[in-house]
Amino acid sequence: MFNVAILGYGTVGSGVFKVINDNADVLKKFVKDDVNVKYVLDLREFPGNPVEKVLVHDYDIILKDDEVKCVVEVMGGIEPANTFVRKAIASGKSVCTSNKELVAKYGAEILALAKENNVSFLFEASVGGGIPLLRAINESLTADNFDSVAGILNGTTNYILTKMSTEDLSFDEVLKRAQEKGYAERNPEADVEGYDACRKIAIISSLITGKQVNFEDISTEGISHISKEDIYYSRNMNMPIKLLGLMKKIDGVVYAMVAPFMLGEEHSLRNVDGVYNAVNFHGDMLGNVMFYGKGAGSLPTASAVVSDVVEIAKNGGKNIDIPWDKECVSLGDMASFKAKFFVRLEGADLDDKVKSIFNGVTFAEHLQGETAFITEEEFSAPELQSKLEGFKVLSTIRIAE
(Lines give C-alpha, C1' and ligand atoms only; values in the text may rest on other atoms or scores of the structure.)
Protein backbone atom coordinates (compact mmCIF):
# COMPACT_ATOMS: atom_id res chain seq x y z
CA MET A 1 0.00 0.00 0.00
CA PHE A 2 1.24 3.49 -0.91
CA ASN A 3 0.31 5.81 1.96
CA VAL A 4 -0.32 9.53 1.49
CA ALA A 5 -0.88 12.42 3.90
CA ILE A 6 -2.79 15.52 2.80
CA LEU A 7 -1.95 18.89 4.38
CA GLY A 8 -5.10 21.01 4.26
CA TYR A 9 -8.73 20.04 3.71
CA GLY A 10 -9.92 23.06 1.77
CA THR A 11 -11.09 23.24 -1.84
CA VAL A 12 -8.14 21.34 -3.32
CA GLY A 13 -7.43 19.08 -0.35
CA SER A 14 -10.99 17.77 -0.26
CA GLY A 15 -10.74 17.24 -4.02
CA VAL A 16 -7.55 15.19 -3.62
CA PHE A 17 -9.25 13.08 -0.92
CA LYS A 18 -12.19 12.46 -3.25
CA VAL A 19 -10.07 11.61 -6.32
CA ILE A 20 -7.93 9.10 -4.42
CA ASN A 21 -10.96 7.39 -2.87
CA ASP A 22 -13.36 7.51 -5.82
CA ASN A 23 -10.80 6.56 -8.49
CA ALA A 24 -8.92 3.97 -6.46
CA ASP A 25 -9.17 1.34 -9.22
CA VAL A 26 -7.83 3.75 -11.85
CA LEU A 27 -4.85 4.68 -9.66
CA LYS A 28 -4.10 1.03 -8.85
CA LYS A 29 -3.86 0.27 -12.58
CA PHE A 30 -0.87 2.60 -12.84
CA VAL A 31 0.69 2.27 -9.39
CA LYS A 32 0.21 -1.54 -9.20
CA ASP A 33 -0.73 -1.01 -5.55
CA ASP A 34 -3.44 0.62 -3.48
CA VAL A 35 -3.08 4.36 -2.89
CA ASN A 36 -4.36 5.20 0.58
CA VAL A 37 -4.93 8.49 2.39
CA LYS A 38 -3.61 7.68 5.85
CA TYR A 39 -3.83 11.19 7.30
CA VAL A 40 -5.39 14.57 6.58
CA LEU A 41 -3.95 17.48 8.54
CA ASP A 42 -6.23 20.41 9.34
CA LEU A 43 -6.89 22.64 12.33
CA ARG A 44 -10.64 22.33 11.88
CA GLU A 45 -13.08 19.55 12.71
CA PHE A 46 -15.38 18.04 10.07
CA PRO A 47 -18.19 16.28 11.95
CA GLY A 48 -20.01 13.73 9.81
CA ASN A 49 -17.46 13.95 7.00
CA PRO A 50 -15.63 10.72 5.97
CA VAL A 51 -12.34 12.57 6.52
CA GLU A 52 -12.97 12.36 10.29
CA LYS A 53 -11.49 8.86 10.31
CA VAL A 54 -8.07 10.06 9.17
CA LEU A 55 -8.06 13.65 10.48
CA VAL A 56 -5.10 14.77 12.62
CA HIS A 57 -4.10 18.14 14.05
CA ASP A 58 -0.42 17.44 14.86
CA TYR A 59 2.01 17.44 11.93
CA ASP A 60 4.57 15.41 13.90
CA ILE A 61 2.27 12.37 13.67
CA ILE A 62 2.76 12.43 9.90
CA LEU A 63 6.49 13.15 10.03
CA LYS A 64 7.17 10.26 12.43
CA ASP A 65 5.15 7.69 10.47
CA ASP A 66 7.54 5.83 8.15
CA GLU A 67 4.58 4.31 6.30
CA VAL A 68 3.75 7.72 4.80
CA LYS A 69 5.72 7.96 1.57
CA CYS A 70 4.16 11.08 0.05
CA VAL A 71 2.94 14.34 1.54
CA VAL A 72 0.44 16.39 -0.46
CA GLU A 73 0.69 20.11 0.41
CA VAL A 74 -2.47 21.97 -0.57
CA MET A 75 -2.58 24.56 2.19
CA GLY A 76 -1.51 27.48 0.02
CA GLY A 77 0.60 30.48 1.00
CA ILE A 78 4.27 30.52 1.97
CA GLU A 79 4.11 29.61 5.65
CA PRO A 80 3.66 27.19 7.25
CA ALA A 81 3.65 25.36 3.89
CA ASN A 82 7.35 26.04 3.24
CA THR A 83 8.41 24.72 6.65
CA PHE A 84 6.12 21.69 6.42
CA VAL A 85 7.35 20.76 2.92
CA ARG A 86 11.01 20.99 3.91
CA LYS A 87 10.44 18.94 7.05
CA ALA A 88 8.69 16.22 5.04
CA ILE A 89 11.55 16.05 2.55
CA ALA A 90 14.17 15.98 5.33
CA SER A 91 12.30 13.04 6.88
CA GLY A 92 12.53 11.08 3.62
CA LYS A 93 9.05 11.72 2.23
CA SER A 94 8.30 12.92 -1.29
CA VAL A 95 6.07 15.96 -1.69
CA CYS A 96 3.65 17.19 -4.32
CA THR A 97 1.92 20.54 -4.19
CA SER A 98 -0.48 22.89 -5.95
CA ASN A 99 1.05 25.91 -4.20
CA LYS A 100 2.18 28.35 -6.91
CA GLU A 101 3.40 30.93 -4.37
CA LEU A 102 5.69 28.39 -2.73
CA VAL A 103 6.97 26.95 -6.02
CA ALA A 104 7.61 30.33 -7.64
CA LYS A 105 9.60 31.59 -4.64
CA TYR A 106 11.41 28.46 -3.43
CA GLY A 107 11.07 25.89 -6.22
CA ALA A 108 14.79 25.63 -7.02
CA GLU A 109 15.76 25.41 -3.34
CA ILE A 110 13.21 22.71 -2.53
CA LEU A 111 14.14 20.68 -5.63
CA ALA A 112 17.79 20.75 -4.50
CA LEU A 113 16.75 19.60 -1.02
CA ALA A 114 14.67 16.79 -2.51
CA LYS A 115 17.64 15.64 -4.59
CA GLU A 116 19.87 15.59 -1.49
CA ASN A 117 17.36 13.35 0.28
CA ASN A 118 16.63 11.16 -2.78
CA VAL A 119 12.94 11.98 -2.77
CA SER A 120 10.78 13.92 -5.22
CA PHE A 121 9.19 17.35 -5.25
CA LEU A 122 6.48 17.65 -7.91
CA PHE A 123 4.16 20.58 -8.59
CA GLU A 124 2.13 19.95 -11.75
CA ALA A 125 -0.99 21.55 -10.25
CA SER A 126 0.77 24.84 -9.45
CA VAL A 127 0.28 26.06 -13.04
CA GLY A 128 -2.82 25.55 -15.15
CA GLY A 129 -4.84 23.49 -12.67
CA GLY A 130 -5.63 20.19 -14.37
CA ILE A 131 -3.73 20.95 -17.60
CA PRO A 132 -0.55 18.79 -17.82
CA LEU A 133 1.80 21.66 -18.71
CA LEU A 134 4.83 21.07 -16.53
CA ARG A 135 5.15 17.35 -17.17
CA ALA A 136 5.02 18.13 -20.89
CA ILE A 137 7.96 20.53 -20.50
CA ASN A 138 9.97 18.07 -18.40
CA GLU A 139 9.14 14.85 -20.25
CA SER A 140 7.23 15.09 -23.52
CA LEU A 141 8.79 18.17 -25.14
CA THR A 142 12.43 17.73 -24.15
CA ALA A 143 13.72 17.66 -27.74
CA ASP A 144 12.87 21.32 -28.33
CA ASN A 145 14.41 24.63 -27.44
CA PHE A 146 11.42 26.81 -26.57
CA ASP A 147 11.82 30.44 -27.54
CA SER A 148 8.39 31.73 -26.54
CA VAL A 149 5.38 30.99 -24.36
CA ALA A 150 2.05 32.80 -24.32
CA GLY A 151 -0.62 31.80 -21.85
CA ILE A 152 -4.00 32.66 -20.40
CA LEU A 153 -3.04 31.54 -16.91
CA ASN A 154 -5.81 32.91 -14.71
CA GLY A 155 -9.41 31.78 -15.03
CA THR A 156 -10.82 34.60 -12.90
CA THR A 157 -9.54 37.37 -15.16
CA ASN A 158 -10.49 35.45 -18.28
CA TYR A 159 -14.04 35.01 -16.95
CA ILE A 160 -14.28 38.72 -16.15
CA LEU A 161 -13.02 39.84 -19.57
CA THR A 162 -15.30 37.35 -21.34
CA LYS A 163 -18.40 38.49 -19.46
CA MET A 164 -17.54 42.16 -19.93
CA SER A 165 -17.48 41.51 -23.67
CA THR A 166 -20.49 39.24 -24.07
CA GLU A 167 -22.84 40.95 -21.60
CA ASP A 168 -21.74 44.60 -21.86
CA LEU A 169 -20.98 44.85 -18.14
CA SER A 170 -18.39 46.89 -16.25
CA PHE A 171 -15.37 45.40 -14.51
CA ASP A 172 -16.93 45.96 -11.08
CA GLU A 173 -20.24 44.36 -12.10
CA VAL A 174 -18.58 41.21 -13.42
CA LEU A 175 -16.16 40.98 -10.49
CA LYS A 176 -19.11 40.95 -8.08
CA ARG A 177 -20.75 38.17 -10.08
CA ALA A 178 -17.47 36.20 -10.18
CA GLN A 179 -17.21 36.45 -6.39
CA GLU A 180 -20.80 35.24 -6.00
CA LYS A 181 -20.07 32.21 -8.20
CA GLY A 182 -16.84 31.42 -6.36
CA TYR A 183 -14.62 32.24 -9.36
CA ALA A 184 -13.01 35.19 -7.55
CA GLU A 185 -11.77 35.58 -3.99
CA ARG A 186 -13.24 38.10 -1.59
CA ASN A 187 -9.94 39.96 -2.00
CA PRO A 188 -9.34 39.50 -5.76
CA GLU A 189 -6.11 41.50 -5.97
CA ALA A 190 -3.83 38.54 -6.74
CA ASP A 191 -5.98 37.64 -9.74
CA VAL A 192 -7.08 40.98 -11.20
CA GLU A 193 -3.71 42.73 -10.76
CA GLY A 194 -1.89 39.87 -12.50
CA TYR A 195 0.12 38.53 -9.54
CA ASP A 196 -1.26 35.00 -9.87
CA ALA A 197 -0.43 34.83 -13.59
CA CYS A 198 2.98 36.35 -12.83
CA ARG A 199 3.93 33.50 -10.48
CA LYS A 200 2.77 30.94 -13.03
CA ILE A 201 4.75 32.40 -15.94
CA ALA A 202 7.74 32.58 -13.57
CA ILE A 203 7.46 28.83 -12.90
CA ILE A 204 7.10 28.01 -16.60
CA SER A 205 10.03 30.27 -17.48
CA SER A 206 12.19 28.70 -14.77
CA LEU A 207 11.52 25.20 -16.10
CA ILE A 208 12.23 26.24 -19.70
CA THR A 209 15.48 28.04 -18.86
CA GLY A 210 16.49 25.57 -16.15
CA LYS A 211 17.29 28.51 -13.85
CA GLN A 212 15.46 30.65 -11.31
CA VAL A 213 13.23 33.32 -12.83
CA ASN A 214 12.16 35.56 -9.96
CA PHE A 215 8.52 36.58 -10.18
CA GLU A 216 9.41 39.89 -8.52
CA ASP A 217 11.44 40.80 -11.64
CA ILE A 218 8.56 40.23 -14.07
CA SER A 219 6.76 43.28 -15.43
CA THR A 220 3.14 42.82 -14.29
CA GLU A 221 -0.03 44.68 -15.21
CA GLY A 222 -3.57 43.59 -14.37
CA ILE A 223 -7.03 44.20 -15.80
CA SER A 224 -8.72 46.41 -13.19
CA HIS A 225 -8.28 49.45 -15.46
CA ILE A 226 -9.99 47.82 -18.48
CA SER A 227 -13.19 49.79 -19.09
CA LYS A 228 -16.48 49.17 -20.87
CA GLU A 229 -15.20 51.57 -23.54
CA ASP A 230 -12.08 49.45 -24.11
CA ILE A 231 -14.31 46.39 -24.44
CA TYR A 232 -16.57 48.25 -26.90
CA TYR A 233 -13.62 48.88 -29.21
CA SER A 234 -12.24 45.35 -28.85
CA ARG A 235 -15.64 43.90 -29.76
CA ASN A 236 -16.11 46.21 -32.75
CA MET A 237 -12.62 45.45 -34.04
CA ASN A 238 -13.04 41.70 -33.35
CA MET A 239 -9.93 41.74 -31.15
CA PRO A 240 -10.75 40.22 -27.75
CA ILE A 241 -8.81 41.41 -24.71
CA LYS A 242 -7.01 38.70 -22.74
CA LEU A 243 -4.58 38.84 -19.82
CA LEU A 244 -1.47 37.07 -21.10
CA GLY A 245 1.61 35.73 -19.38
CA LEU A 246 4.50 35.90 -21.85
CA MET A 247 8.05 34.60 -22.00
CA LYS A 248 10.29 35.26 -25.00
CA LYS A 249 13.93 34.57 -25.71
CA ILE A 250 15.44 37.15 -28.07
CA ASP A 251 19.15 36.91 -28.95
CA GLY A 252 19.78 34.91 -25.78
CA VAL A 253 17.95 37.37 -23.53
CA VAL A 254 14.86 36.22 -21.63
CA TYR A 255 11.92 38.60 -21.43
CA ALA A 256 8.84 37.96 -19.30
CA MET A 257 5.70 39.94 -18.63
CA VAL A 258 2.03 39.81 -17.68
CA ALA A 259 -0.31 42.33 -19.30
CA PRO A 260 -3.66 42.64 -21.11
CA PHE A 261 -3.44 42.31 -24.89
CA MET A 262 -5.87 42.67 -27.76
CA LEU A 263 -5.58 39.50 -29.85
CA GLY A 264 -5.60 39.51 -33.65
CA GLU A 265 -7.47 37.13 -35.95
CA GLU A 266 -4.61 34.61 -36.17
CA HIS A 267 -3.76 34.42 -32.47
CA SER A 268 -4.18 30.91 -31.07
CA LEU A 269 -5.62 32.10 -27.73
CA ARG A 270 -8.29 34.50 -28.97
CA ASN A 271 -11.19 32.03 -28.53
CA VAL A 272 -10.27 30.83 -25.03
CA ASP A 273 -13.18 32.12 -22.95
CA GLY A 274 -14.65 31.89 -19.46
CA VAL A 275 -12.72 30.19 -16.67
CA TYR A 276 -10.59 28.18 -19.09
CA ASN A 277 -6.80 28.44 -19.35
CA ALA A 278 -4.61 27.81 -22.38
CA VAL A 279 -0.89 27.99 -23.03
CA ASN A 280 0.89 28.07 -26.39
CA PHE A 281 4.54 26.98 -26.57
CA HIS A 282 6.76 27.61 -29.58
CA GLY A 283 9.70 25.27 -30.05
CA ASP A 284 12.48 25.41 -32.63
CA MET A 285 11.62 21.92 -33.92
CA LEU A 286 7.98 21.39 -32.98
CA GLY A 287 6.70 24.85 -33.81
CA ASN A 288 3.51 25.74 -31.95
CA VAL A 289 1.74 23.43 -29.50
CA MET A 290 -1.18 24.47 -27.30
CA PHE A 291 -2.61 23.09 -24.07
CA TYR A 292 -6.18 23.93 -23.05
CA GLY A 293 -8.41 23.09 -20.11
CA LYS A 294 -9.77 24.13 -16.73
CA GLY A 295 -7.09 26.03 -14.90
CA ALA A 296 -8.64 25.94 -11.44
CA GLY A 297 -11.34 24.34 -9.33
CA SER A 298 -11.38 21.55 -6.78
CA LEU A 299 -11.41 18.45 -8.99
CA PRO A 300 -9.37 19.65 -12.02
CA THR A 301 -6.58 20.82 -9.70
CA ALA A 302 -6.88 17.70 -7.54
CA SER A 303 -6.56 15.57 -10.66
CA ALA A 304 -3.17 17.14 -11.39
CA VAL A 305 -2.06 16.72 -7.77
CA VAL A 306 -2.98 13.04 -7.77
CA SER A 307 -1.17 12.53 -11.09
CA ASP A 308 1.96 13.63 -9.21
CA VAL A 309 1.18 11.16 -6.43
CA VAL A 310 0.96 8.41 -9.05
CA GLU A 311 4.26 9.48 -10.61
CA ILE A 312 5.98 9.40 -7.22
CA ALA A 313 4.52 5.98 -6.40
CA LYS A 314 5.53 4.53 -9.79
CA ASN A 315 9.06 5.79 -9.16
CA GLY A 316 9.27 4.12 -5.77
CA GLY A 317 9.44 7.47 -3.97
CA LYS A 318 12.96 8.12 -5.28
CA ASN A 319 14.11 11.41 -6.73
CA ILE A 320 12.61 12.49 -10.04
CA ASP A 321 15.09 15.01 -11.39
CA ILE A 322 13.70 18.35 -12.57
CA PRO A 323 16.36 20.69 -14.01
CA TRP A 324 15.87 24.01 -12.18
CA ASP A 325 19.06 25.59 -10.84
CA LYS A 326 19.16 28.22 -8.09
CA GLU A 327 21.16 30.56 -10.31
CA CYS A 328 18.95 33.53 -11.23
CA VAL A 329 18.12 34.59 -14.77
CA SER A 330 18.71 38.27 -15.45
CA LEU A 331 15.59 39.29 -17.35
CA GLY A 332 15.64 41.71 -20.26
CA ASP A 333 14.25 45.19 -19.65
CA MET A 334 10.61 45.21 -20.70
CA ALA A 335 10.94 48.93 -21.41
CA SER A 336 12.58 47.80 -24.65
CA PHE A 337 9.83 45.27 -25.54
CA LYS A 338 8.00 46.48 -28.65
CA ALA A 339 4.44 45.89 -29.80
CA LYS A 340 1.70 47.51 -31.80
CA PHE A 341 -0.72 49.43 -29.58
CA PHE A 342 -4.39 50.27 -29.43
CA VAL A 343 -4.72 53.89 -28.25
CA ARG A 344 -7.70 55.93 -27.01
CA LEU A 345 -7.38 59.70 -26.75
CA GLU A 346 -9.79 62.23 -25.29
CA GLY A 347 -11.04 64.59 -27.98
CA ALA A 348 -12.78 64.20 -31.31
CA ASP A 349 -11.40 65.05 -34.76
CA LEU A 350 -7.79 64.33 -33.85
CA ASP A 351 -7.17 62.16 -36.93
CA ASP A 352 -4.95 64.64 -38.79
CA LYS A 353 -2.88 65.38 -35.71
CA VAL A 354 -2.42 61.66 -35.04
CA LYS A 355 -1.40 61.04 -38.67
CA SER A 356 1.25 63.76 -38.40
CA ILE A 357 2.90 61.94 -35.47
CA PHE A 358 2.60 58.25 -36.41
CA ASN A 359 3.80 56.56 -39.61
CA GLY A 360 0.61 54.68 -40.27
CA VAL A 361 -2.40 54.04 -38.06
CA THR A 362 -5.76 52.31 -38.43
CA PHE A 363 -8.57 54.35 -36.94
CA ALA A 364 -11.43 52.69 -35.07
CA GLU A 365 -15.02 53.86 -35.17
CA HIS A 366 -14.84 56.45 -32.40
CA LEU A 367 -17.04 56.82 -29.40
CA GLN A 368 -18.31 60.36 -28.92
CA GLY A 369 -15.59 62.75 -27.79
CA GLU A 370 -12.75 60.29 -28.46
CA THR A 371 -10.19 59.33 -31.07
CA ALA A 372 -9.10 55.67 -31.17
CA PHE A 373 -6.58 53.90 -33.39
CA ILE A 374 -4.10 51.04 -33.74
CA THR A 375 -0.48 51.79 -34.57
CA GLU A 376 1.00 50.06 -37.61
CA GLU A 377 4.50 50.39 -36.18
CA GLU A 378 5.71 48.64 -33.05
CA PHE A 379 6.79 50.74 -30.09
CA SER A 380 8.13 50.19 -26.62
CA ALA A 381 5.92 51.64 -23.89
CA PRO A 382 8.30 54.60 -23.25
CA GLU A 383 8.49 55.34 -27.00
CA LEU A 384 4.70 55.39 -27.26
CA GLN A 385 4.40 57.57 -24.19
CA SER A 386 6.82 60.06 -25.74
CA LYS A 387 4.80 60.24 -28.96
CA LEU A 388 1.57 60.79 -27.05
CA GLU A 389 2.93 63.69 -25.04
CA GLY A 390 0.44 66.55 -25.09
CA PHE A 391 -2.60 64.29 -25.55
CA LYS A 392 -4.96 63.18 -22.78
CA VAL A 393 -4.55 59.41 -23.03
CA LEU A 394 -7.58 57.37 -21.98
CA SER A 395 -6.00 53.96 -22.46
CA THR A 396 -3.29 52.03 -24.27
CA ILE A 397 -3.38 48.25 -24.78
CA ARG A 398 -0.76 46.15 -26.54
CA ILE A 399 -1.67 44.11 -29.63
CA ALA A 400 -0.67 40.46 -30.09
CA GLU A 401 -1.17 39.11 -33.59
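Reader: How do helix 4 and helix 5 run, roughly parallel to each other or roughly antiparallel?
Author: They are roughly parallel (an angle under 35 degrees), where helices are DSSP runs of H or I with at least four residues, numbered from the N terminus. This is a predicted model, in which local features need pLDDT of at least 70, side-chain atom pairs count only at 80 or more, and totals for linings use all residues. Residues are numbered from 1 along each chain, and side-chain values use heavy atoms, without hydrogens or water.

Reader: And what's the angle, and how far apart are the axes?
Author: Helix 4, residues 81–90, packs on helix 5 at about 15 degrees, with the axes 11 Å apart; axes are lines fitted to C-alpha atoms over the stretch in contact, and angles run from 0 to 180 degrees between N-to-C directions.

Reader: Which residues meet there?
Author: From helix 4 come N82, V85, R86 and I89, which meet L102, Y106, E109, I110, L113 and A114 of helix 5, contact being heavy atoms within 4.5 Å. By class, this contact has 7 nonpolar, 1 polar and 2 charged residues (Ala, Val, Leu, Ile, Met, Phe, Trp, Tyr, Cys and Pro are nonpolar, Asp, Glu, Lys and Arg charged, the others polar).

Reader: Switching topic, what lines the largest pocket?
Author: Its lining has 43 residues, and V12, K100, E185, A296 and G297 are those nearest the centre. A pocket is an open set of points on a 1 Å grid where a 1.4 Å probe fits, with protein on both sides within 12 Å along at least five of seven lines, and lining residues have an atom within 4 Å of a point.

Reader: Which helices give two or more residues to that lining?
Author: They are helix 1 (11–22), helix 5 (100–116), helix 7 (155–167), helix 9 (189–192) and helix 10 (195–209).

Notes:
Parallel < 35°, antiparallel > 145°, perpendicular 65-115°, else oblique.
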